[in-house]
Amino acid sequence: MIKVCDSIMGSGKSSAAINYMNAHKHDKKFIYITPYLTETDRIFSKCKDLHFVRPSNKLKEFNFSKSQHTNELIKEGRNISTTHQAFKRYTSETLDNIKKQGYTLIIDEGVNLIEEYDIHPSDLNLLIKTGYVKETNGIYTLGNREYDGVCFQNFFSILKSRDIMSINDNPQILYFWSLPPNLLTSFNDVYILTYIFEAQRLKYFMDIYNIKYTYIGIERTPDGKYYFSKHLSYVPEYVHHLKDKIHILDNARLNRIGDDYYALSKSWYTNKTEETDQLKKNISNYFNNIWRGVNVDKRMWGAFNCAFNKLKGKGYTKSFVPFNECATNNYKNKTHLVYATNVFMNVKEKLLYQYYGIQVNEDLYALSTMVQWIWRSAIRDGQDIYLYIPSKRMRTLLINWIHSFDEGGVSAA
């Protein structure tokens, strides 16, 4: 059974997972995955009796292969804590061993299970005609003939454990590959710890393959401990005071640059050189004049990686954190922030989801990405933060989301 714990940051999701694992240390086996290897340290320290192991690619006895080490650990029924990237490389053999052992999976934050794969349409058509590949409703799988060549070796290694999907976007044809659905269904139980699941790639992946799930909540006991609950009503007290803790810059002159709906999007950074130069001046003004006395160590700014060189400047260059950073505590001392991004889903990816009847909520996707980034800062510890959000669209999304808690809501899209 797949259970989604969709609850705001700071509501105790990770603590509830730790308490759950400790309570079942004798009757369950666990694989706990998180975006960054450093975040697995908490699992090691808080679940000592479960003797978690981190798979390694530095062991000679496993040919310096993390995959081989992982398979051996699973055969032994060991508890494993690893990263999203390592999890995405699980083979069919790994999944078979997981099913035999009866593991429980805990996913800390949504993992992206769909990526783009590049193959020329003529090559794919040739493989279909010769029987190496078959196509059914836009899904490409292994055909009746076994491929033993070299040119398409990587392509067929993917097809052995996962599907490749296509959509037609005349005149361009796009191909995507996804990890197999049984990456999730091979486990006895799956717990997904996240926020705004409705807008995440993992949710869309599960919808495409009709993988069922149910929502669970968090319960906080009088002694301050957190547990999973069937009730979804718990919202931590601090969220009702966000409007007093998050101070969004209200400056017409600095905000004017983001008035256009698509301002600060990826294409905007490519096409609007003059406006980008002005945005750089605005960011410098914010950090070096408006908040001149704030220590450099307290500053944080986020944008697309491709915009870094266009926006970097004196007093804040080294404070850059990519716009979609999540699930790390490395920046919890940051109090003065700039979010210089207008988030839209990749057009190709959006077309893929629409092809399979999945409607993407662009605003909810943008909000989810932005609040995850903001929660890397000192707000996660209840401290005041000060934000410059040049994009009117993004600023409005955040303001509406904050106000929604006054009305008993948990999101604003």
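Ile 164 counts as buried because its relative accessibility is 1% (buried means under 20% relative accessible area, exposed over 50%, partly exposed in between, with a 1.4 Å probe and protein chains only). The structure is a predicted model, in which local features need pLDDT of at least 70, side-chain atom pairs count only at pLDDT 80 or more, and totals for chains, interfaces and linings use all residues. Residues are numbered from 1 along each chain as its sequence is written, and side-chain values use heavy atoms, with hydrogens and water left out.

Ile 164 lies in strand E8, residues 164–169. Helices (H or I, at least four residues) and strands (E, at least two) are DSSP runs, numbered from the N terminus. Neighbours within four places in sequence are set aside here. Beyond them, Ile 164 is in contact (heavy atoms within 4.5 Å) with Tyr 117, Gly 138, Ile 139, Tyr 140, Phe 155, Ile 158, Leu 159, Tyr 175, Phe 176 and Trp 177. Thr 276 is 112 residues away along the chain, and its C-alpha atom is 38 Å from that of Ile 164.

The protein chain holds 17 helices and 16 strands. Of its 413 residues, 51% count as buried. Among contacts with a separation of 6 or more, 70% join residues 24 or more positions apart. The C-alpha atoms fill a box of roughly 65 × 60 × 45 Å along the principal axes.

Helix H17 spans residues 392–404. Its 13 residues reach 18 Å from first C-alpha to last, close to the 18 Å expected at 1.5 Å a residue (1.5 Å times one less than the number of residues). The buried residues of H17 are Arg 393, Met 394, Arg 395, Leu 397, Leu 398, Trp 401, Ile 402 and Ser 404. Their cover includes helices H10, H11 and H16 and strands E13, E15 and E16.

The axes of H16 and H17 come within 10 Å and cross at roughly 80°. Axes are lines fitted to C-alpha atoms, for helices over the stretch in contact, and angles run from 0 to 180 degrees between N-to-C directions. H16 is therefore roughly perpendicular to H17 (65 to 115 degrees). On the H16 side, Glu 362, Asp 363, Ala 366, Leu 367, Met 370, Val 371 and Ile 374 take part. They meet Arg 393, Met 394, Leu 397, Leu 398 and Trp 401 in H17. By class, this contact has 9 nonpolar, no polar and 3 charged residues. Ala, Val, Leu, Ile, Met, Phe, Trp, Tyr, Cys and Pro count as nonpolar, Asp, Glu, Lys and Arg as charged, and the others, Gly among them, as polar.

Technical notes. Parallel < 35°, antiparallel > 145°, perpendicular 65-115°, else oblique.
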